[in-house]
Structure formats: structure tokens, C-alpha cells
Amino acid sequence: MRLCGIYLLVGAAMLGATGCTRSTDRQSGPEKLTVAVSVAPQAWLVKQIGGDRIDVLTLVAPADNPHTYQPSDAQVSRVMQAAAYFRIGVPFESGPWFEAIESSRKVPIVDVRKDITLRQMESHSHHEEEDHHGHDHGHAHEHQHAGPDPHIWLSPPLLKTQAGTIADALSEIDPANRSGYDRNRAAVQQRLDDLDARIVELLEPLSNRAFFVFHPAWGYFADAYGLKQVAIEIEGKQPSDAELTEVQQEARRLGIQVIFVQPQITGQAAHAVAEAVGARVETLDPLAEDVAGNLLGAAEAIARSHQEKPSDNDG
């Protein structure tokens, strides 16, 4: 059975770890620390802080869906040899493989959600908002929630908090290099402050405006910049015909010209909505490793989508 294999791998890794030096000798030697993360955006942040001292093992490949992903036995074995594992709350972290690693107590597990207030994952939400003619229709739709939203890497202010947690953890594992981690933390936090200011400049004129996505990954981003995320996906499932009609009506009312999808998830319903309302489909990748560049690109794309007029997509 798969679960038995996981526990055998964990046990073998534990035995191997007792026969070799791991993080202790690395503190003063040239060997790098290997740390594991769940998704690529975390790898970017860890590398910003760890610099040349760190090698990062990223479990979810760029094309994989973290909501359905399961690590291979080989990956589990590699995680067991890591100096730390930085968890972020994506669904696959609750699997038996993770429980086995956690119960082994051989790999420090650092939860980068520390000191962050988690929002609930919106499965389908419509909001009161003026349409593109400036009329307030006073529409309100009940929110449905599907548990805590794990996408905390899509907000520069929250990335600053995570940077502090990561720097503290690396300093504890590798105290000889604490000063370097502290310098790198300060540098990346300043970079995130600059990014935040630029995004505010781009999106402040769109306060309380909506943008439509297939999968509701951008809630923290929306919260940070006063926007409203409207998701087409319903609790990880394609919407029913009635729900799809409702989304189409909402998109028409608001004059939506762009529906955003992500490359890891098939979003046929997004294409259906776009075709029905005369909008186009554009890709935003919430799992791109270049977090800073990706967030700026997302802000620019959302800003452009609100500058378009309905006639831009006619014909």
C-alpha cells in the first residue's frame, strides 16, 4: 500500500540521518543547507533570504495543481534529509506523507502562516458594486467558503511577514550565518515595500472594482488593494448551468472585459463566460516563482482590463 511505503521511506530516512551529519557541521563548513518548500513562490522568498547558503527543494512543479498534487516516494525521502520544511497550508500538506514526516520529529517544520490572519477561501462571491456606467445596483450575494485560503504569497505585505518567519528559522538552524540572513531579510522587505507602493499606484484608481477569475487564488491580493475578486469555480468544481448563468449576468452588469485563468487548472467555464459576455481570457499564474515580477504583472493586467471598453472586444 502507498501509506505503508511512505512510512517505510520515512523510517529508512531516519536511520540514514542518524549515521551522518546534517545541519550541525553545515553551520561552519562550505556545504549548503537544503530546505524544502511546497510551491515555487516560497522558493523565491527562501532564496532571497538564504542566498548562496541555501539549496531549495520545491515539491510542486510549475505545471502541477497543488490542490490535487501528491509527492512521490522519492520526494518524501528527500524531504526527510532536509534541514527544514517550510509549509504554507496548501491542501496536499495534510496528507499521510506529511503526517509521517511531522510525527518523525526529524525535520523541523516551519509554518510560514505564523502571525498572518487567514482569510476564508471564497468559492463563489458576488459583491455590491457600481457597474461600468456608474450605477449602483445594490446587488448582494451570499458568500460561500471552502476553508482557509492558502495563497498568502500573493500579497506583498504578507510576504514581508513570511520573510521574517523564514529568516528567523534559518538563523536558528544556521546561527553562524544569522547576520547574512538578517541583511537579506531587510533587503527583500524593502523590495516588497517598493513593489507594494508601485501596485498601490496602479490599482488605487480601481478601488472596489471587481475582477473575474476562474479559481479564487487572488483573494489576499484583492484585499490588499481594495479590489473584489469574483470566482467562477464553485468549491473546486465547475459551476452548474444556473450558477454559470448568474456569473454571466454579473459580468455583463459590471462590464467585465477580461476573465483571468491560471495554467494549472482547466477552466472551461471561464471561456464560456468570456464568450457569452464578449470578453477575452487572459492567464495569471499564481504559482510563478518570480513573485515580485508576477505580482507587478498581475496588477498591470488587472489595471489594463479596466481600461478597456466593451467595443474593444466586439466583432
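This is a predicted model: local features need pLDDT of at least 70, side-chain atom pairs count only at pLDDT 80 or more; totals for chains, interfaces and linings use all residues.

Me: Which residue of strand 3 is the bridge partner of valine 37?

Reply: Strand 1 (residues 33-37) and strand 3 (residues 84-87) run parallel and are joined by 3 bridges. Within this pairing, alanine 36 stands opposite tyrosine 85. The partner of valine 37 is phenylalanine 86.

Me: And on the strand 4 side, which residue stands opposite tyrosine 85?

Reply: Strand 3 also pairs with strand 4, in the parallel sense and over 3 bridges. The residue of strand 4 opposite tyrosine 85 is isoleucine 109.

Me: Are the residues on the two faces of strand 3 buried or exposed?

Reply: In a regular strand the side chains alternate between the two faces of the sheet. Here Ala84 and Phe86 lie on one side, with Tyr85 and Arg87 on the other. Both faces are covered, and all of these residues are buried.

Me: Turning to the sheet with the order 8-7-9-10, how far are neighbouring strands turned against each other on average?

Reply: This too is an open sheet of 4 strands with parallel pairing. Strand 8 (228-231) and strand 10 (280-283) each have a single partner strand, so one side of each lacks a neighbour in the sheet.

Me: Which residue of strand 8 is the bridge partner of phenylalanine 211?

Reply: Strand 7 (residues 210-213) pairs with strand 8 in the parallel sense, over 4 bridges. In strand 8, the partner of phenylalanine 211 is glutamine 229.

Me: Is glutamine 229 buried or exposed?

Reply: Glutamine 229 sits in strand 8. Its relative accessible area is 2%. The cut-off for buried is under 20%, so glutamine 229 counts as buried.

Me: Which backbone nitrogen lies 2.6 Å from a polar atom of the side chain of glutamine 229?

Reply: The side chain of glutamine 229 has a polar atom 3.4 Å from the backbone nitrogen of alanine 217. The distance of 2.6 Å belongs to the backbone nitrogen of tryptophan 218.

Me: What is the volume of the largest cavity?

Reply: Rolling a probe the size of a water molecule over the atoms shows where empty space is left. With a threshold of 30 Å³ or more, the count is 1 cavity. The volume of the largest cavity is about 40 Å³.

Me: How many charged residues are in the lining of that cavity?

Reply: The lining consists of Val213, Phe214, His215, Trp218, Phe260, Val261, Gln262 and Leu284. By class, 6 of them are nonpolar and 2 are polar. The number of charged residues is none.

Me: Where is arginine 105 found, and what is its phi?

Reply: Arginine 105 is found in the loop between helix 5 (96-104) and strand 4. Its relative accessible area is 75%; the cut-off for exposed is over 50%, so arginine 105 is exposed. Phi is positive in this residue, which is other than glycine, and the value is near 60°.

Me: What is the phi of aspartate 115?

Reply: Aspartate 115 is placed in the loop between strand 4 (109-111) and strand 5 (120-124). With a relative accessible area of 63%, aspartate 115 is exposed. Although aspartate 115 is not a glycine, its phi is positive, at about 70°.

Me: By what distance are the C-alpha atoms of aspartate 115 and threonine 161 separated?

Reply: A side-chain contact of aspartate 115 is with lysine 114, a polar contact of 3.2 Å. Threonine 161 is 46 residues apart from aspartate 115 along the chain. The separation of their C-alpha atoms is 7.3 Å.

Terms used. Residues are numbered from 1 along each chain as its sequence is written. Side-chain values use heavy atoms; hydrogens and water are left out. Two strands pair if DSSP finds at least two bridges between them. On a 1 Å grid over the protein atoms alone, a cavity is a set of points where a 1.4 Å probe fits but cannot get out, and a pocket is an open set with protein on both sides within 12 Å along at least five of seven lines; lining residues have an atom within 4 Å of a point. Grid points are joined across faces, edges and corners, and a volume is the space filled by probe spheres set on the points. Ala, Val, Leu, Ile, Met, Phe, Trp, Tyr, Cys and Pro count as nonpolar, Asp, Glu, Lys and Arg as charged, and the others, Gly among them, as polar. Buried means under 20% relative accessible area, exposed over 50%, partly exposed in between (1.4 Å probe, protein chains only). A polar contact is a pair of N or O atoms within 3.5 Å; within protein, one must be able to donate a hydrogen and the other to accept it, and residues adjacent in sequence count only if both atoms are side-chain atoms.
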